Amino acid sequence: MPTPSGPRPTALRQRALDTATTVVQRVWGLAKRHGTVTPGHPLSRRFGSMGEGSWVSFPPGDYVNLHAVHLGRNVVIGADVTLAVGMPTEEYPADCEPVISFGDRTTVGKGCWFVARQQVLLEEDVTLAPNVYITDHNHTYADPWLPVGQQILQCDPVRIGAGTWIGTNVVVLPGADVGRNCAIAAGTVVRGTIPDHSVVAGVPGKVVRRWTEEDGWQPPMARPVVVLPGWPVGVPPADRTPTPEA
Ligand SMILES: CC(C)(COP(=O)(O)OP(=O)(O)OC[C@H]1O[C@@H](n2cnc3c(N)ncnc32)[C@H](O)[C@@H]1OP(=O)(O)O)[C@@H](O)C(=O)NCCC(=O)NCCS
């Protein structure tokens, strides 16, 4: 008997699987490239506001009461970022005050979580690495007999000061008030008030280095920072020329 020519059934099956994989990869790539939401897109109207030049990546995370989330100008929200104002069963009026706010030029890495009921405010130029969790509420646990998950929630607003950088896997707890231009080390749990220009590390987060006008960086930097020619340098507030909008 002559042997049938062409691929055998297993080879055919493999080819079909390869084609399916290619199609899935290509479609997903297209979705990531073209699924970005920018101001003016109908989906941007789900946000309380979205300033000029801002964009929200694909795929989105979970969204709850997006009308209480406000984005300034040139804000970048990475993929898979959860923006939850309350739980899906909780209604916030259409004209409610902003609950989660991102200042101009703030960048949020992939997989971050914002779970808020009262206020989480990120001022301008804040940078968040991937997988940061920020919340403004705790379950209370005072009643020894009621499951903690059913006990009343207590809210305490959170602020992240302008120019602060938050490393990966940081958790920011209710009531945290982080100053400007701080660096929060990877894995830190942040609570309480953090002064401007602090480096904070550990669980619970402690100030491990700080800059002040009087003493500069204390303790001094472990390694010198070499700035490449052409790299921008900061201008002290007193030396800044006022901009028309200031
Ligand atoms: C904080 C960081 C920037 C280093 O800053 P630095 O000023 O150079 O700090 P140093 O390396 O001098 O460390 C200062 C102290 O903090 C401690 N420390 C630094 N990073 C820490 C961390 N992630 N967790 C716990 N302690 C940390 C150091 O051990 C040191 O403590 P010691 O003086 O008792 O030895 C860096 O460690 C870090 O965590 N980077 C985050 C990286 C990241 O998430 N990248 C995402 C890219 S967007």
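Reader: How many bridges pair strand β7 with strand β10?
Author: This is a predicted model, where local features need pLDDT of at least 70, side-chain atom pairs count only at pLDDT 80 or more, and totals for chains, interfaces and linings use all residues. Residues are numbered from 1 along each chain as its sequence is written. Strands are DSSP runs of E, at least two residues long, numbered from the N terminus, and two of them pair if DSSP finds at least two bridges between them. β7 (residues 100–102) and β10 (residues 120–122) run parallel, and their bridges number three.

Reader: Which residue of β10 stands opposite Phe 102?
Author: Strand β10 covers residues 120–122. The residue opposite Phe 102 is Leu 122.

Reader: Which strands stand at the edges of the open sheet of seven strands?
Author: The order is β1-β4-β7-β10-β15-β18-β21, with parallel pairing. Each edge strand has a single partner, so one side of it is left without a neighbour in the sheet. These strands are β1 (49–50) and β21 (193–194).

Reader: And which strands stand at the edges of the open sheet of six?
Author: Here the order reads β3-β6-β9-β12-β17-β20, again with parallel pairing. Each edge strand has a single partner strand, so one of its sides lacks a neighbour in the sheet. The edges are β3 (63–64) and β20 (189–190).

Reader: How many bridges pair β6 with β9?
Author: β6 spans residues 82–85 and β9 spans residues 113–116. Leu 83 stands opposite Phe 114 in β9. The pairing is parallel, and its bridges number four.

Reader: Which residue in β6 stands opposite Val 64?
Author: β3 and β6 run parallel, joined by two bridges. Val 64 faces a residue in β6, namely Ala 84.

Reader: Which two strands each supply at least two residues of the shell around the ligand?
Author: The shell counts 13 residues, with Ala 129, Gly 167, Ala 185, Ala 201 and Ala 222 coming nearest. A residue is near if its C-beta atom, placed from the backbone, lies within 6 Å. The strands are β22 (198–201) and β23 (206–212).

Reader: How many residues of helix α1 are buried?
Author: Helices are DSSP runs of H or I, at least four residues long. Buried means 20 or more other C-beta atoms within 10 Å of the residue's own, with C-beta atoms placed from the backbone. Helix α1 is hardly covered: of its 26 residues, the buried count is zero.

Definitions and conventions. Buried ≥ 20, exposed ≤ 12 C-beta atoms within 10 Å, placed from the backbone.
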